[in-house]
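Colleague: I have a model open and would like to talk it through with you. Could you take me around it?

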Amino acid sequence: MPKTNVVVLDNGAGTIKAGIVPNDSTEEQSVKLVPNAIVRSKGDKATYFGHQIANCKDYSSLHYRLPFEKGFIVDWDAQKAIWDGIFSQEALGVDSTESSLILTEPYFNLPNIQEIYDQFVFEEYEFSSYHRCTPASLIPHGKLLGSPPPECMLVVDSGFSFTHVIPLINGNIVWSSIRRLDVGGKLLTNHLKELVSFRQWNMMEETYIMNHVKETCCYVSTDFKKDLESTRPIVQKYILPDMSTSRKGRLLRPRETIMDSEQVLLMKNERFSVPEIIFRLNQSGLPSAIAESIASLLEDIQPMFWENISLIGGNTKFPGFRERLFAELRFLAPMDCEVGIYESDDPVTEAYSSAKEFATKPEFHGHCLTRAEYLECGSSGARRKFRDWKTKIPSKETTMKDDGPQVQNASQRPRVRPRGVLLEGRGR
Amino acid sequence: MPPKRTREHLSRQVNDATSLVHAPELLEKRTQIHLDQLEKSNYNESASLAVGEDDDEPAVGKYNGKGRARQTLISDKINVKLAGNSPAATKKKSTMNIRSALLYRKNLATLIEESGIASLPPSAPSYLTAVASPPKYPPRLICSVCGYWGEYKCRKCAMPYCDLNCEGIHIETRCERRVL
């Protein structure tokens, strides 16, 4: 009897990471990165759904329709269309009635929205079972922090819509200590569009192109003051794509000359002042949000969190992100704490890889809600099975101190040296 | 003589427009509006018009308390083959829940209200309580024209600028002459 496939769908607001977990009968496929949007191209006069965007020829003035608004699904019509495309023969080619699903949801997902997730999975696609959780709760199953993972860890998830700081104890999220910053890739791209439109060419409608510019040219500076006052070596020229000859946009290489037909964007202080917003925004910045989150936990275990900070999410791919974060945190952390920041090889697919590991573990099926259970008791079955923030709502008084499980002394257990880059320092 | 001059001097100062001080709440509000604008998906339109949706015409006579239903669904327009026999794969009719989720789009503010998280006890963590706290340091001002340090502020609209050139550009192009 063939084993059921497990489909992993890391449903991000900007990109969906989708794939099938390989078992004995199927071979390994690489993860599919599907933009979570429906775009209409004025040049091509066509509409592209999700995975079809790769076929689009004319990227200028693309009109976007996003199912997500501020990090939550509001437009189910669009989301269903994109999911149809992903499950179809054109992409994954999976029979949902014979498969299990791992699906990710945003942190603090609203209960009314969670019910609709359940409805789509069981009533529309008729999956045989599924597990819905947040991306951070999958990270302990992966290889980012070694195996077995540390008991206390902090995940920084900076994605398209927002940035969260999530402490975990023994693989369980400490909901009352999560902190959120409403800065994400979308806001950074739009801010860059505004700056460039005011100073050079009008790019307000060119979301796709400016997103590529942001990913190519922007970096996080370790010393903002120094960089701002010495812009000479920082200037980069980005050659805009040419729609008529279908050339992609790219950076000007050194010693290359610009041709007359090419339009060039001059990237100066925008290169580092745009990602700077993550670190200094109206509401706090990322380093102080991390400090605040850790400060809200039990004093005895705080040092363990400072040592095990991991970064996931597309925004963490900016060059210099890790170094800058380390410098700021070293300043904020207590003198006798080590600060350890782990960065994965691919922050975008880290949650996906961890989900794949989770799916191969024997206890995975215990965490899944089956279709039979759903048809019998509806979304309340999901509420019981999936641990999330609602389980912490006190009807009896529970404080943070009684809450988490007991934490062992970490030095008593052997740990495999983790993959990923470790930065340490000791304050004196 | 000296007392009279002092009084005249004082009354002139009160009427001087250059000593206008902008209320921090106004500035805060303007920044918030700007941040909300940065959340838009597309520059040129209101949130209701989108790909695949028809122009605004409220369903006359069919108001049923849920608001306007969509006329056409974009998920019907995608032409892909799915394996299996779920309602998504075959052309079977979807359940009532699915159909209402597809037809009525609610925006996030409505969903937050409906979820009732605002009425939870203050110790319960939720989307609303998880925001990081406001900054302890004052904001670092950057010139709105060129991006260098913004050491001076426009008299009328309080946007920062760095030198006389940028001030000139700002007044010619972007100054709104009022804060909000």
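Modeller: Let me begin with a word we will need: a residue counts as buried when its relative accessible area is under 20%, as exposed when that value is over 50%, and as partly exposed in between. Please also keep in mind that this is a predicted model.

Colleague: Which secondary structure does chain B have?

Modeller: There are five helices and two strands in chain B, and along the sequence they follow the pattern α-α-α-α-β-β-α. If you take the contacts in chain B between residues at least 6 apart in sequence, 32% of them join residues at least 24 apart.

Colleague: Which residues form the nonpolar patch on the surface?

Modeller: That patch is formed by B:Leu26, B:Ile33 and B:Leu180, which together have about 230 Å² of accessible area. B:Leu26 belongs to helix H2 of chain B, which covers residues 24-37.

Colleague: Now helix H3 of chain B: what do its buried residues pack against?

Modeller: The buried residues of H3(B), a helix of residues 96-103, are B:Ile98, B:Ser100, B:Ala101 and B:Leu102. They pack against two helices of chain A, namely H1 (76-87) and H2 (111-124).

Colleague: Let's move to chain A, then. What is the order of the six strands in the open sheet?

Modeller: The order is E3-E2-E1-E9-E10-E20, and the pairing is mixed. Strand E3 (32-35) and strand E20 (369-370) of chain A stand at the edges with a single partner strand each, so one side of each has no neighbour in the sheet.

Colleague: And how many bridges join E1 to E9 in chain A?

Modeller: Five bridges join strand E1 (residues 5-11) to strand E9 (residues 99-104) of chain A, and the two run parallel. One example is A:Asn5, whose bridge partner in E9(A) is A:Ser99.

Colleague: Where does H1 of chain A lie?

Modeller: H1(A) lies across E1, E2, E3 and E9 of chain A, and runs at about 140 degrees to E1(A). Helix H12 of chain A (residues 350-360) also packs on the sheet, where H12(A) touches E1, E2, E9 and E10 of chain A and makes about 25 degrees with the direction of E2(A).

Definitions and conventions: Residues are numbered from 1 along each chain as its sequence is written. Chains are lettered from A and ligands numbered from 1 in the order in which they are written. This is a predicted model: local features need pLDDT of at least 70, side-chain atom pairs count only at pLDDT 80 or more; totals for chains, interfaces and linings use all residues. Side-chain values use heavy atoms; hydrogens and water are left out. Buried means under 20% relative accessible area, exposed over 50%, partly exposed in between (1.4 Å probe, protein chains only). Helices (H or I, at least four residues) and strands (E, at least two) are DSSP runs, numbered from the N terminus. Contact means heavy atoms within 4.5 Å. Two strands pair if DSSP finds at least two bridges between them. Axes are lines fitted to C-alpha atoms, for helices over the stretch in contact, and angles run from 0 to 180 degrees between N-to-C directions. Patches are made of residues with over 30% relative accessible area and no salt bridge: like charges are joined within 9 Å, nonpolar side chains (Val, Leu, Ile, Met, Phe, Trp, Tyr) within 5 Å. Accessible areas come from the Shrake-Rupley method with a 1.4 Å probe; for residues, only the protein chains shown count as cover. A salt bridge is a side-chain nitrogen of Lys or Arg within 4 Å of a carboxyl oxygen of Asp or Glu.
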